[in-house]
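Please look through the structure shown here, and then follow the paragraphs below, which take its parts one after another.

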Amino acid sequence: MIPELGNFSLMLALMLALTQSILPLAGAARNNAAWMSVARPAARAQFLFVAIAFGCLAYSFLVNDFSVLNVVQHSFSKLPPIYRFTATWGSHEGSLLLWTFILALWTLAVTLFSRHLPDDMVARVIGVMGLVSCGLLLFMLITSNPFLRLLPAAMDGSDLNPLLQDPGMVIHPPILYMGYVGFSVAFAFALAALISGKLDASWARWSRPWTTAAWSFLTLGIMMGSWWAYYELGWGGWWFWDPTENASLMPWLVGTALIHSLAVTEKRGTFKAWTVFLAIGAFSLSLLGTFLVRSGVLSSVHSFATDPARGLFILAFLAVVIGGSLLLFAFRASQVGLGGRFALVSRESFLMANNILLLTACGAVLLGTLYPLFLDALNLGKISVGPPYFNSVFVPLVTPLLLLIGVGPMARWKQASVPELAARLKWGFGASVVVALLLPLTLGAWKPMVSLGILLALWIVISIAINVQGRLRGGGGWSANFYGMNLAHFGVAVAVIGVTMVSAYETERNVRMNVGDTITLKGYTFLFKGAQDVDGPNYKAARGTLEVSSNGKPVTTLYPEKRTYTASGMPFTESAIDYGFTRDLYTAMGEPLDGGAWSVRLFHKPFVVWIWIGAVLMALGGAMSITDRRYRSRKKGRAGA
Amino acid sequence: MKRFLIPLGIFIVLVGFLGIGLKLDPREVPSPLIGKPAPDFKLGVLSDPAKQLSPADLRGKVWLFNVWASWCASCRQEHEVLLDLSKQGGVPIYGMDYKDQPGDAQAVLNRYGNPYVETVVDLDGRVGINYGVYGVPETYLIDKNGIIRYKHTGPVTRESLDKKILPLVKELQQ
């Protein structure tokens with residue numbers, strides 16, 4: 001009964017989504033206020049029914065309804081309740097429902113926080129979001145219905161993928177989707193502006209807080225994904241250039257470019273067509289990411305069961321949404337006039353350089369991700385593109401980008417003076433260079449990449465200090481936007497330190513340990529006390545005990561596990577980590593060897609948490625800038641007034 | 001307007017490639033066992049543990065070797081396809097119950113029907129290792145001389161039967 005209710009809610013939601021898109025869009029075109037006023041209530045009702053559907057699926061998982069195919073395939077009676085709940089989005093169908101639910105949530109937010117916008121703008125924005133929602137709901141109902149029954153019902157399920165049985169999975173996908181799907185708001189604003197033909201600075205101001213919010217969520221989501229991969233995959237890495245990771249990185253890069261370009265459009269009225277293009281691009285890449293992950297075109301650790309009909313549907317959906325908006329863009333963007341002129345050295349130029357670099361980086365990631373597919377499609381063989389490609393392309397692109405963080409925020413709009421910039425920054429730059437050259441000597445080996453990393457991070461931090469000091473001295477008051485930006489840039493510097501240190505100085509040992517053996521790694525001594533058998537709720541495990549001491553003083557005891565999940569028979573490595581501000585000690589069990597010995601992996605990872613702290617600071621910076629007063633205190637203007 | 005059409009053009013090319021990509025399977029890695037003799041084993045059969053079966057007993061026949069387990073949900077998907085195939089009788093299917101409790105496996109066959117001529121039991125998965133099994137279900141097509149001719153990873157579908165497996169069976173039976 002409950003699954004049928006869910007199914008029925010999805011159908012109702014589809015009808016409501018159709019209403020939500022057709023009437024308001026037509027109303028805005030014909031200036032019919034009554035039709036336009038349907039937008040908000042329809043969107044809220046659609047949210048209600050998608051939420052009911054989501055609740056029904058979650059309920060089926062929680063009560064172990066093994067007559068629902070999706071529950072049978074992704075859950076298990078002995079699975080702890082919290083993972084039965086997260087299993088709701090552990091499948092292809094479930095994660096689509098989560099996607100749709102979050103889209104409805106963002107639309108609901110737009111209906112609530114849009115009172116200061118003209119009616120036709122609101123109608124178009126909500127209408128466009130409704131169209132996207134129609135596509136997703138159709139996709140679910142036609143090819144990926146999460147409520148399909150299995151008759152006769154199964155005795156038990158085949159368990160959730162052990163990788164997903166983790167606290168990180170409780171929040172990682174929803175947060176990541178909040179980011180992905182959040183770009184749909186910026187996309188809808190851009191399309192609304194294109195349709196109406198009013199590509200002025202005001203649409204940029206309206207969509208800025210939404211874009212920043214989505215970007216902050218995406219930053220957090222990627223950070224959690226990276227952290228999850230770090231402690232859950234047992235390889236000690238924090239970024240693998242896996243197609244799924246790339247799928248989230250690409251919209252992030254374009255989204256970052258969009259945030260910066262929106263600033264120019266809002267403040268100076270330039271880059272108008274470009275900004276619209278980026279808004280379309282950020283959401284298109286989110287959709288493309290969904291396609292790449294869901295269709296099974298690329299093989300990845302995250303891929304779900306593949307089905308050609310599904311892939312074809314997403315591709316068609318992609319072609320309509322992205323192709324349609326790019327076509328609209330081609331027609332309308334050419335009518336946009338040029339904005340204010342700017343000199344070669346100006347904040348506009350620096351932001352343009354930022355955009356070009358970010359977009360190039362995104363292009364490089366896209367190329368690396370799709371290159372195996374291109375070759376395969378042209379019958380040139382099967383290859384895989386790995387970290388060496390991405391690292392060698394990424395570092396040269398990111399280095400100038402990070403240098404720009406120091407100069408850009410201090411340059412004046414329209415025309416900046418080189419001597420003035422040089423006067424403000426020369427000491428900071430000099431100091432950064434000297435420290436960057438000398439500091440690595442104290443860390444052991446001097447490495448050029450370490451010096452470069454420290455130089456970039458210091459340069460960012462010092463320039464932030466100079467900028468903030470300049471503002472305080474100039475009598476500038478509180479500006480959430482200004483301080484939010486600086487906080488986010490500071491986060492970048494923190495992450496750069498983390499990446500630099502862990503790439504240059506991490507130590508790894510993959511050793512055979514008998515009971516009672518010790519291994520010393522960077523001053524930490526690991527004593528292996530053997531492995532015991534432990535029973536979990538739905539797995540059996542061999543749990544190793546490693547006593548860690550430093551200079552004879554005990555530091556901690558770590559219990560890495562090698563698990564076998566009973567329902568699926570899948571083996572699984574559960575690492576054990578001692579987190580620290582300047583170093584992580586990371587241990588994972590390898591294979592059992594004869595006589596109670598095990599192969600054990602030990603890592604010393606300096607400053608690795610800084611990577612994630614940096615990402616959190618970036619997201620916080622974004623969140624802070626949204627609170628800026630000028631996004632709220634706008635009077636409502638009538639359309640055409 | 002022309003330069004604003006460039007993104008659209010690039011996108012159309014991309015869609016073309018993605019469309020072709022849908023037809024390709026990134027997991028279709030050629031198995032190193034194809035063209036090699038099927039690894040030997042001597043295992044007890046499910047219906048009668050005293051009776052043993054080995055690939056040598058099947059010389060002179062073209063047969064399908066289907067690796068499955070009662071705990072595997074996607075095996076349930078292909079079960080019906082295999083049942084139909086066994087009723088048509090074009091090619092004998094031998095099963096291998098992989099890392100499973102024989103009782104559970106027998107219960108599945110009793111309940112859903114038995115497409116297999118015989119099912120051998122690979123309790124500890126040792127034979128599975130020799131066959132390079134990395135996910136259940138997997139299906140091997142073995143010819144009259146005991147050579148592996150084809151490997152299908154994942155559930156057998158009607159489409160994969162009609163397009164790949166059965167034509168190959170016909171060819172090998174001649």
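In this predicted model, chain A is divided into four parts by the domain assignment: domain 1 covers 1-165, domain 2 covers 197-412, domain 3 is made of 417-506 + 614-618, and domain 4 covers 507-607. The C-alpha centres of domain 1 and domain 4 of chain A lie 42 Å apart, and the two domains touch through 7 residues of domain 1 and 8 residues of domain 4 of chain A. On the domain 1 side of this contact in chain A, the residues divide by class into 4 nonpolar, 1 polar and 2 charged.

A pair of helices in chain A can be examined next. Helix α13 (residues 347-377) of chain A packs against helix α14 (residues 387-407) of chain A at an angle of about 165°, and their axes are 10 Å apart. Because angles over 145 degrees count as roughly antiparallel, α13(A) and α14(A) are described as roughly antiparallel to each other, and their crossing is left-handed. Among the residues that α13(A) brings to the contact are Phe350(A), Leu357(A), Ala361(A) and Gly368(A), while those from α14(A) include Tyr389(A), Phe394(A), Leu397(A) and Val407(A). Taken by class, the residues of the contact of α13(A) with α14(A) comprise 17 nonpolar and 3 polar, with no charged residue.

Chain A also holds an open sheet of 4 strands, in the order β1-β10-β9-β8, and the pairing in this sheet is antiparallel. At its edges stand β1 (507-513) and β8 (576-578) of chain A, each of which pairs on one side only, and neighbouring strands of the sheet are turned by 20° against each other on average, direction ignored. Within the sheet, strand β9 (residues 583-592) of chain A runs antiparallel to strand β10 (residues 598-606) of chain A, and 8 bridges join them; in one of these strands, β10(A), Trp598(A) is the bridge partner of Pro592(A).

Chain B has an open sheet of 5 strands, ordered β5-β4-β3-β6-β7, in which the pairing is mixed. Its edge strands are β5 (118-122) and β7 (148-153) of chain B, each pairing on one side only, and the twist from one strand to the next averages 20°. Strand β4 (residues 93-98) of chain B runs parallel to β5(B), to which 5 bridges join it, and Asp97(B) stands opposite Val121(B) in β5(B). Finally, helix α5 (residues 158-173) of chain B lies across β6 (138-142) and β7 of chain B, and runs at about 165° to β7(B).

Technical notes:
Residues are numbered from 1 along each chain as its sequence is written. Chains are lettered from A and ligands numbered from 1 in the order in which they are written. This is a predicted model: local features need pLDDT of at least 70, side-chain atom pairs count only at pLDDT 80 or more; totals for chains, interfaces and linings use all residues. Axes are lines fitted to C-alpha atoms, for helices over the stretch in contact, and angles run from 0 to 180 degrees between N-to-C directions. Helices (H or I, at least four residues) and strands (E, at least two) are DSSP runs, numbered from the N terminus. Angles under 35 degrees count as roughly parallel, over 145 as roughly antiparallel, 65 to 115 as roughly perpendicular and the rest as oblique. A crossing is left-handed if the near helix is turned anticlockwise from the far one by less than a right angle, and right-handed if clockwise. Ala, Val, Leu, Ile, Met, Phe, Trp, Tyr, Cys and Pro count as nonpolar, Asp, Glu, Lys and Arg as charged, and the others, Gly among them, as polar. Domain bounds come from an automatic or database domain assignment. Two strands pair if DSSP finds at least two bridges between them.
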